[in-house]
Amino acid sequence: MNLISRSACALVIGLFCGLPLLAEDGKLTREEKVLGDRKKVLADGYWIYNGFEEGVQKAKETGKPLLVVLRCIPCEECVKLDEEIMEKDPVLRPLLDQYVRVRIVGTNGLDLNLFQYDYDQSFAVFLMNADKTIYGRFGTRSHRTDWTSDVSIEGLAKALDGGLKLHANYPRNKSYFVGKQGDKPLFASPEKFPSLKDKYTDTLNYEGDVVKSCIHCHQIGDAQKEFFRNRGKAIPDEYLFPYPHPKAIGMIIDPSEMNTLKEVTSGSIAETAGLKAGDRVFALNGQVVLSIADIQWVLHHAKDQDVVQADIVRDGSHVMKSIELPEGWRQQDDLAWRVGAWPMRGMILGGMKLEMASPEQRERAGVTDPEKMALHVRSVGRYGKHALAKNTGFREDDILVGFDGRDDLIRETDVLAYGAQNCMPGKKVKIDFIRGNKPMSLTLNMQN
């Protein structure tokens, strides 16, 4: 990556948006955390607080890169990449010092034409020029609490350094970034979505209840799905399975590197394409790659039967590989870890949370064929639309073996995806299950 420059400007956005935290004895409330964080950031002066345009202007004036962290509350699952930790890291700190650093709190008023990312993430990064050309993205996860297989301080440092180098060659290398700007969003900013517009404004209310006034990252993804669902339409794959993780096609990326394959899954799409462990993914479809998130961006915009052209560095030489994406490839990804799976469980499962039955549970239920559905009801909701399954008669430890006549929906993800695209609100769906060793059936009403 000797393509690079420090004459332009890069932007990094880290999104730390978590679910509401309950106050506990001896712990700060969420409100106290948000206000305390604001006070600390303003007092330290290392970050510009809630001033993206101010940061852009300062970056233009100084010629320095711009680092923007968007975070609605200190997220206790994301502390490995908290700004305070980044500031103290001996490798990251010198890189941060080269950026104009901005903290933005909440997504209220966020420009969704520019800031398009996986809204179920709690940490995401954009590397940008001051003219808002996107160089690259950083930040991903494929588990609710385990980050170590996806991101690291080392990987972030290399992405930041790579962004600075890309910077040095801009605009001579502008062709690498043509595909990194997304299409026009459903709505220009979060508070304009129908499900959010009567609850939120484009600013936070620091004079009142600041926590309740904040639109969390995941609420954007929820609002996207609700936009289709509440109109009786199937939710498109790109909203059900946004930003597919590379491992869904067999690419296991080393989190301590930018773009290096640690492993290629046997029998996977990636192996079929000829990718190997140790390959460095320089570019996909002509877009330079700085991290897993850049790979996800390309996959997010790929359709069934598309061919992604991969520029791979192997043994010091560039080789081209064609990654052919078959029908249904995107649905190999997992939905269960996502915050956005929670409202979908209300829509499709009446509040049930499912997991794949253990071998012992399958045996007790009499489901011996591994290609047949056997999903254990881990929990049943008790409130609002999430109480529907309980009120209908479903119980914890039931084993679901059929959904709307299908017995091949092996994962909870498969049930949610099938229901979101085939079972519209108001439809009554027959669900077959085993309770103890007794076969039973109930009809569940699909919800908005």
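Modeller: Isoleucine 295 has a relative accessible area of 0% in this predicted model, so it counts as buried, the cut-off being under 20%. Isoleucine 295 is part of helix α9, which covers residues 292-300. Leaving aside residues up to four places away in sequence, isoleucine 295 touches Pro246, Met251, Ile253, Leu284 and Val289. Arginine 338 is 43 residues from isoleucine 295 in sequence, and their C-alpha atoms are 19 Å apart in space.

Next, the nonpolar cores. The largest one has 40 residues. Trp47, Met86, Leu92, Leu127, Phe138, Leu156 and Leu160 have the most contacts inside it. Among the elements that each supply at least two residues of this core are helix α1 (30-44), strand β3 (66-71) and strand β9 (280-284). Helix α5 gives the most, with seven residues. There is also a second, separate core of 34 residues, and Ile235, Tyr239, Met344 and Leu409 are included in it.

Last, a pair of helices. Helix α6 (residues 217-229) packs against helix α10 (residues 341-349) at an angle of about 20°, and their axes are 10 Å apart. Angles under 35 degrees count as roughly parallel, so α6 is roughly parallel to α10. Their crossing is left-handed. On the α6 side, Asp222, Lys225, Glu226 and Arg229 take part in the contact, and they meet Pro343, Met344, Met347 and Ile348 of α10. The residues of this contact divide into four nonpolar, four charged and no polar.

Terms used
Residues numbered from 1 in each chain as written. Predicted model: local features only at pLDDT ≥ 70, side-chain atom pairs only at ≥ 80, totals over all residues. Heavy atoms only, no water. Axes fitted to C-alpha atoms, helices over the stretch in contact; angles between N-to-C directions. Helix = DSSP H or I, 4+ residues; strand = E, 2+ residues; numbered from the N terminus. Parallel < 35°, antiparallel > 145°, perpendicular 65-115°, else oblique. Left-handed = near helix turned anticlockwise from the far one by under 90°. Contact = heavy atoms within 4.5 Å. Nonpolar A, V, L, I, M, F, W, Y, C, P; charged D, E, K, R; others polar. Core = buried A, V, L, I, M, F, W, Y, C linked by side-chain atoms within 4.5 Å. Buried < 20%, exposed > 50% of the residue type's maximum accessible area, 1.4 Å probe, protein only.
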